Amino acid sequence: MSSDLITIARSGTKAARIALDVTAQNIANAGTAGYVRRSVQMEELSSTSALNRDVSFSGVRLDRIVRNADAFRQAEVRRTGADASRANAEVAGLENIESAVEQAQLYPAIVQFEASLQQLAADPVDPSLRAALVEDARTMTRAFNIASSALQAVGEGLRFEAADGVTQVNKLTSELAQLNLRLARSADASSDQTALLDRRDLLLEQLSGYVEIGAIIAPNQTVEVRLGGTSGLPLVSGGTTGTLAMSAAADGTISFTLDGTATTPAAGSLAGKAQALSKLANISAGLDGLATSLAATVNAAQAAGVALDGSAGQPMFSATGAGDITLTFNDGSMIATAPAGAGAGSRDQSNLAALRSALGTTNPAGAMDGLIFGISSAVQSASTTRDTLETIAGTARIALQAQSGVDLDQEAVNLLRYQQAFQASGRAIQVAADIFDTLLGIR
C-alpha cells in the first residue's frame with residue numbers, strides 16, 4: 001500500500017516536534033531585541049498509486065518557518081524612527097544652547113551696565129559711581145566671555161557626538177556587508193537564515209537612527225542600503241560598503257561626504273546635530289556682533305569726550321567678538337562723561353548723555369533679549385515637532401510589534417496544542433501497532 005497509518009502518524013509527530021521547537025524558541029526569545037516571532041507552515045503529503053493513479057494522503061510535513069515581519073511596516077519604523085531621531089538630536093542641541101546662554105546671565109549684566117550709566121548721570125564726578133560703572137562693565141565682559149565659552153563647549157560636544165555617529169554608521173554598514181555574504185550562503189528558511197534576518201533587520205533599524213536610509217531586499221534576502229532613500233548614494237551593496245565622513249567648517253558647522261561625494265542627511269541623529277550646529281553658528285555670530293557693536297558704540301562715545309582729569313577719552317573695551325571682549329582700564333576717572341574741550345573735574349555730562357543715547361539706539365539689551373527669545377522659540381518649535389514625530393514613530397513600532405512580537409499567551413496556547421498533536425500522533429502509532437498485533441495473533 002502507498003501509505004499506512006504508521007507513516008501518517010510518524011509525519012505528524014515530526015511536524016508537531018518542529019512546531020514545539022519553534023514555539024519554545026519564541027518563548028525563550030520573547031525579550032530579545034530584534035527577535036521576530038516565528039510560526040510553522042505545514043502542508044499535506046500526498047502520493048499517487050502506480051496502478052490506478054489515485055491520490056492518497058500520506059501525512060503532513062513542514063513547508064517552511066515563517067518570520068512574521070512585514071517589510072512595509074519595518075520600512076515605516078525605520079523612516080519614522082529616523083525622523084524622530086533627527087528631532088530628538090536637534091532639540092537636545094538647542095536646549096544645550098539655550099542653557100549656555102541663559103546661565104551666563106548676559107542679559108542682566110547688560111541691563112545693569114546701562115543702569116550704572118544712568119546712575120552716573122546723577123553725579124558724573126562721584127568716584128563711587130564711576131567705580132561701580134567700571135565693575136559692572138567688567139561683569140558684562142565676563143558674561144560675554146562665559147556665554148561664548150559655553151557655546152563653544154556645546155559645539156565641541158555636538159561635533160564629538162556627530163563624529164561618533166559617523167563611526168557607528170561605518171561600523172553598522174560593515175557588519176551589514178558581512179551579513180550579506182553570510183545570507184548569500186545560507187539555506188532558504190533555515191534556522192540560521194532566520195537568525196541572520198533578525199540581525200539584518202535590527203542593524204537596519206539601528207542605522208536608520210543615525211541617517212535616513214532606503215533598503216532594497218534581494219530574492220536571496222541580502223540587502224542593498226542607500227543613503228537618503230532608495231534612490232540615494234549606495235551605502236551597502238553586497239559585501240562592499242561606502243565610507244561616510246564628516247568635516248567641520250570654520251564656523252563650527254558640519255558637512256558629510258560618502259566616498260568623497262557631498263551628501264546631506266535629511267533625517268537621523270546626524271541630521272539633527274548638523275541642524276543644531278547651524279543654529280549654534282547663527283547664535284554665536286549674533287553674540288559676537290552684539291559684543292563688537294556694544295564695544296564700538298561705547299568706544300566712539302569715549303573718543304568724543306574727555307576723562308575726569310581733562311585728558312582725551314580712551315577706548316573702554318577691546319573686542320573682536322564675545323569671546324575676547326575685555327575692559328581696557330580699571331580707573332573710573334577715565335570714563336569720558338564730559339565733551340571734548342571741557343576742563344578737569346567738569347560736571348558737564350553731555351558726552352555721557354550722548355553715550356546713553358547711542359546705546360539706546362543700538363539697544364544691546366533688546367538685542368540680547370531678542371537673541372534669547374529666538375533660541376527659546378526654536379526650542380519650543382522643535383520640541384513640538386519632536387513630540388509629534390515620536391508619536392508617529394511610536395505608532396509605527398506598535399503596529400510592527402503587534403505583528404512580529406511574541407505574545408506569551410498565544411505561545412502558551414500553541415505549546416499546548418502542539419503537545420496534544422504530538423501525543424495524538426504517538427497514540428495513532430500505538431493504535432497501528434495494536435492492530436498489527438491483533439492481525440498477527442489471528443489463527
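Helices here are DSSP runs of H or I, at least four residues long, and they are numbered from the N terminus. This is a predicted model: local features need pLDDT of at least 70, side-chain atom pairs count only at pLDDT 80 or more, and totals for chains, interfaces and linings use all residues. Residues are numbered from 1 along each chain as its sequence is written, and side-chain values use heavy atoms, with hydrogens and water left out.

**Stop 1: helix α2**

Select residues 71–103, which form helix α2. Show the side chains of glutamate 76 and arginine 79. They meet in a salt bridge, 2.9 Å from N to O. A salt bridge here is a side-chain nitrogen of Lys or Arg within 4 Å of a carboxyl oxygen of Asp or Glu. The two residues sit three apart in α2, about one turn of the helix.

Why can they reach each other along the helix? Aspartate 83 and arginine 79 are four residues apart in α2, so about one helical turn separates them. An α-helix has 3.6 residues a turn, so residues three or four places apart point the same way.

Colour by accessibility next. Buried means under 20% relative accessible area, exposed over 50%, and partly exposed in between (1.4 Å probe, protein chains only). Glutamate 76 is partly exposed at 24%. Arginine 79 is partly exposed at 41%. Aspartate 83 is partly exposed at 21%.

**Stop 2: another pair**

Move to arginine 226 and glutamate 224. They form a salt bridge, with the closest N and O atoms 3.0 Å apart. Glutamate 224 is partly exposed, at 23%. The whole structure has 12 salt bridges.

**Stop 3: helix α9**

Select residues 408–441. This is α9, with 34 residues.

**Stop 4: the nonpolar patch**

Select Leu5, Ile6, Val431, Ile435, Phe436, Leu439 and Ile442. Together they make a nonpolar surface patch of about 610 Å². α1 (5–28) and α9 each supply at least two of its residues. α9 gives the most, with four. Finish on phenylalanine 436, which lies in α9. Phenylalanine 436 is partly exposed, at 44% relative accessible area.

Methods:
The expected span of a helix is 1.5 Å times one less than its number of residues. Patches are made of residues with over 30% relative accessible area and no salt bridge: like charges are joined within 9 Å, nonpolar side chains (Val, Leu, Ile, Met, Phe, Trp, Tyr) within 5 Å. Accessible areas come from the Shrake-Rupley method with a 1.4 Å probe; for residues, only the protein chains shown count as cover.
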